[in-house]
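My entries follow the order in which I checked them.

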Amino acid sequence: MVMGARSYAFIFIALGCFSLIHHVASADYGTAITKCLLFYEAQRAGKLPPNQRVQWRGDSSLNDGHGAGVDLVGGYYDAGDNLKLGFPMAFTITMLSWSTIEFGDKLAHNNELTNALAAIKWGTDYLMKAHPEPNVLYGEVGDPDSDHQCWQRPEDMTTPRDAYRIDDQHPGSDLAGETAAALAAASLAFQNVDSTYSKKMLIHAVQLFDFASNHQGLYSDSITPGNKVYSSSGYKDELLWAAAWLHRATKLQKYLDYLGGSGDTGGARRMFSWDDKYVGAQILVAKLVLEGTVESSGIWGQYNAQAEEFICACAQKSNNNVAKTPGGLFKFLPDNNVQYVSTATFAMSVYSKYLTAKGASLQCSGGVVNPSDLKSLVRFQVDYILGSNPKGMSYMVGYGSNYPQQIHHRGASIVSIKKDPAPVSCQGGFATWFNKNAPNPNLLEGAVVSSDENDNYVDSRSDYRLAEPTTYINAPLLGVLAYLA
């Protein structure tokens, strides 16, 4: 058959477009789940347990809280630094718990439920220690200014470990509310595993919600160093989010009344993050609407419509769709964009599950979206992260054969203390390790980093905007991977 020039041109363009994306043959979500959870073991602070699998790490920050007369040993470093920050840590635990509540059967099938619960418990043990009295919550250990001036392994830290708290005179409704949400969600994750531990967490959650709602204010006004790293934009969302989790955990009417009487459902949101939980609260209420627990009209209808508007925008079936990179990844913000992709795909995954349970579909302004459509869209986003992208690079460290080698992470970038116990000084770490143009000596398996808005990635340790992994990227991603596995 003779083809005209236009036909040849069409084939050329089609092949050209196809070659823009390097496809991974078939993503192995089970392996990605394992690595996703291994990352948490590398982020552990405190005395490491006998069953620690990430062997290049050692014990660290064993005197945290000592100066304040409280035991604050444990918990997680939030990212590539050595700070312990309660606000993002609590969000991490809420999302790890939600992932486990919704997709625990899938995690169990992949032999990772025990590791998921261990990751949650490492955080909840710390959050309960940080709450020694009903109206006292320690929200930060370490100072951002001094920490960021040093490049040291956690095991070598010489920076101040001051402990910062909120109380009834120095409130922080966002911090207390998020911690209440974390412990309420975790109580559900442990309900059938360890009922005593579950009940203990719920007691803390109830007290923290009361503290948050009775003494209102921004945590970053009380813990001013927190402003430099995780400045909060408001606390109304955390109060709704906590109330939604406490209702799910207790079934008490007072939490439903709080949600229904707040007069603030958040409106249509453009993202879901450690700072903005409205989408999470909206989805939890939308579940109640789908199940018939609350009416589908009035304020409950608002929550439901706003939850669905976010899902529709992600599904590209809205009047205000989420933007995408040329390679198809959701594009929210330039810095650390993958954190918002992680939460957005989680929202889609869990809502797909809720719709499936009711045999329902999503009625968007741009057309009908079925649960199977959502799953396909989620799969595309996750496959992009795992290597089906224009660079053909997995943005999860240790997954596949081509992944970033020089991520921005102190512990990973400095030789393990078990190989070379000679202390690394504050400034010496920069000279010897940070500025070294070589792969990190320790593999931070499961760490997830971001491409830029044009699908590019330069493997540079100095680029903390793209190359720094965080605990709150992996927490929702765990649920998404389990959903796909």
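**Entry 1: the largest pocket.** I looked up the largest pocket and found a volume of about 610 Å³. On a 1 Å grid over the protein atoms alone, a pocket is an open set of points where a 1.4 Å probe fits, with protein on both sides within 12 Å along at least five of seven lines. The grid points are joined across faces, edges and corners, and the volume is the space filled by probe spheres set on the points. I noted that the model is predicted: local features need pLDDT of at least 70 and side-chain atom pairs count only at pLDDT 80 or more, while totals for chains, interfaces and linings use all residues. Residues are numbered from 1 along each chain as its sequence is written, and side-chain values use heavy atoms, with hydrogens and water left out.

**Entry 2: the lining.** I found 22 residues lining the largest pocket (each with an atom within 4 Å of a point), and Val-229, Tyr-230, Tyr-464, Glu-468 and Tyr-472 lie nearest its centre. Two or more lining residues come from each of α13 (338-358), α16 (428-434) and α17 (464-467); helices here are DSSP runs (H or I, at least four residues), numbered from the N terminus.

**Entry 3: the UniProt record.** Under "active site", an unreviewed UniProt entry lists His-408, Asp-459 and Glu-468; such annotations may be inferred rather than shown by experiment. I saw that they are spread over 61 residues of sequence yet cluster in space, with a largest C-alpha distance of 11.0 Å. Of these residues, His-408 and Glu-468 belong to the lining of the largest pocket.

**Entry 4: His-408.** I located His-408 in the loop between α14 (371-385) and α15 (410-413). His-408 counts as buried because its relative accessibility is 9% (buried means under 20% relative accessible area, with a 1.4 Å probe and protein chains only). Beyond neighbours within four places in sequence, its contacts (heavy atoms within 4.5 Å) include Trp-151, Phe-434, Tyr-464 and Glu-468. Its side chain also reaches the backbone oxygen of Arg-461 at 2.8 Å.

**Entry 5: Glu-468.** Is Glu-468 buried or exposed? At 14% relative accessibility, Glu-468 counts as buried. I placed Glu-468 in the loop between α17 and α18 (471-484). Leaving aside neighbours within four places in sequence, Glu-468 is in contact with residues including Ala-79, Asp-81, Asn-336 and His-408. A polar atom of the Glu-468 side chain lies 2.9 Å from the backbone nitrogen of Gly-80.

Note on methods
Buried means under 20% relative accessible area, exposed over 50%, partly exposed in between (1.4 Å probe, protein chains only). A polar contact is a pair of N or O atoms within 3.5 Å; within protein, one must be able to donate a hydrogen and the other to accept it, and residues adjacent in sequence count only if both atoms are side-chain atoms.
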